[in-house]
Amino acid sequence: MHLVGVTGGIAAYKTAELVRLFVRDEKEVRVVMTPGAARFVAPLTFQTLTGSPALLEQFTATAGERVRHIDLALSARVFVIAPATANTIGKMAAGVADNLLTTIYLAARCPVILVPSMNDQMYQHPAVQENLVRLRERGCLIMEPAGGELACGSSGKGRMPEPPQIAEFVRTALREKDFRGIRALVTAGPTREPLDPVRFISNRSTGLMGYALARALTGRGADVILVSGPTALPRPAGVELIPVETARQMHAAVMKSVEGCDLVIKAAAVGDYCPAVTAEQKLKKDGCEALIRLQPNPDILEELGKNKGKRILVGFAMETERALEHAQEKLRRKNLDLIVLNDLNVPGAGFGTPTNQVCLIDREGEVAELPLMSKDSLAHRLLDRIRPLLSGP
Ligand code: C5P
């Protein structure tokens with residue numbers, strides 16, 4: 001059961017959306033509100049979303065319940081307090097139990113996640129910061145507020161992060177850390193091969209798959225280096241990001257960082273060729289036919305395959321014809337442990353979509369076809385397949 005605590009801040013309206021997301025992940029979701037929260041959002045909103053009454057009253061028990069706060073505290077898998085106001089944070093730090101929410105906190109033995117949300121000046125106040133330090137020391141997980149426009153009209157760090165980000169933070173916190181002690185290098189995104197200072201040759205990769213893998217790996221306890229071509233995606237928390245532009249830059253960054261890595265996942269769509277010359281000035285049109293001479297880029301993965309040692313190498317393949325045959329040939333030539341074959345012909349798979357459908361092919365030639373799923377889910381399915389290949393912890 002996910003237990004959600006709502007306190008009296010304006011961001012409480014966003015918690016309704018968060019609860020809706022939790023209901024998708026978890027069979028039972030319960031909501032406990034402070035009296036202040038109930039002035040911002042009606043308990044009925046949460047009751048409708050969860051199918052159970054939102055709890056407010058400390059001193060009532062209905063039939064079948066023993067002591068309400070103990071029951072709730074013991075059956076929760078996680079207690080997420082969003083938004084967490086300065087007032088509730090202060091009470092939790094001091095051990096005050098003057099309402100159902102703060103009482104449950106003292107009885108809870110599950111992971112407790114706080115999502116502070118308040119005016120930026122309040123958030124920066126030493127009283128609040130010291131309380132957060134105390135709570136962190138006692139094992140609470142605290143999600144940093146986001147920056148930006150605040151309800152009070154000022155702007156700064158204090159906004160409650162968006163519900164999907166909070167849901168992801170909670171999922172990560174609850175996940176088994178089965179990649180702890182593993183150092184992984186992931187590449188993502190397209191490369192850009194410049195023709196002149198203005199133009200480049202690139203491809204349709206958006207980096208979604210590689211970033212999902214980097215997030216999934218960190219969530220499962222790995223140390224992650226993400227070498228990324230240009231993308232519009234936010235830097236995943238806890239990841240060492242090395243931004244690059246060209247295939248040659250990606251090659252240099254990978255070769256420099258790969259030492260000490262147990263796992264390399266190459267999800268980047270690396271340009272196979274680059275212009276033989278990059279013009280220093282913008283190329284002018286003269287109405288004539290133009291030819292661009294291309295030269296091959298280094299194949300990063302093939303080079304890693306030659307010096308594989310104990311490292312696990314995973315590649316991606318995107319084929320438009322005789323897909324399986326080509327992917328198997330690539331796995332052998334690049335000396336990979338696993339290749340992930342994207343099928344461009346499936347709607348919802350491949351570049352730029354939030355979903356993907358792939359086939360996994362291993363060294364023994366075993367082919368596993370996975371159904372269409374979100375790139376985040378796929379990242380975890382891939383990691384489930386990779387984990388037994390890694391030796392060590
Ligand atoms: O040969 P192809 O580009 O189809 O192989 C795809 C796999 O090889 C991907 O994992 C990609 O990241 C990697 N690759 C590479 N260096 C290149 C080209 C592809 O590492 N120059």
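**Salt bridges in a predicted model**

Let me start with D98, which is partly exposed, with a relative accessible area of 43%. This is a predicted model, so please hear everything that follows as a reading of computed coordinates. The side chain of D98 forms a salt bridge with K91, and the closest N and O atoms of that pair are 3.0 Å apart. K91, for its part, has a relative accessible area of 14% and is buried, because the cut-off for that word is under 20%.

Next comes a pair that connects separate parts of the chain. E26 and R77 meet through their side chains in a salt bridge, at 3.1 Å from N to O. E26 sits in the loop between α1 (12–25) and β2 (29–33), while R77 sits in the loop between α4 (68–75) and β3 (78–84), and therefore the pair ties together parts that are 51 residues apart in sequence. As for accessibility, E26 counts as buried at 13%, whereas R77 is partly exposed at 42%.

R171 and E168 form a salt bridge through their side chains, at 2.9 Å from N to O, and both belong to helix α9 (residues 163–174), where they are 3 residues apart, about one turn of the helix. R171 is partly exposed, with a relative accessible area of 32%, and E168 also counts as partly exposed, at 21%.

How many salt bridges does the count come to? The count comes to 20 salt bridges, and the pairs I have described are among them.

Key
Residues are numbered from 1 along each chain as its sequence is written. This is a predicted model: local features need pLDDT of at least 70, side-chain atom pairs count only at pLDDT 80 or more; totals for chains, interfaces and linings use all residues. Side-chain values use heavy atoms; hydrogens and water are left out. A salt bridge is a side-chain nitrogen of Lys or Arg within 4 Å of a carboxyl oxygen of Asp or Glu. Helices (H or I, at least four residues) and strands (E, at least two) are DSSP runs, numbered from the N terminus. Buried means under 20% relative accessible area, exposed over 50%, partly exposed in between (1.4 Å probe, protein chains only).
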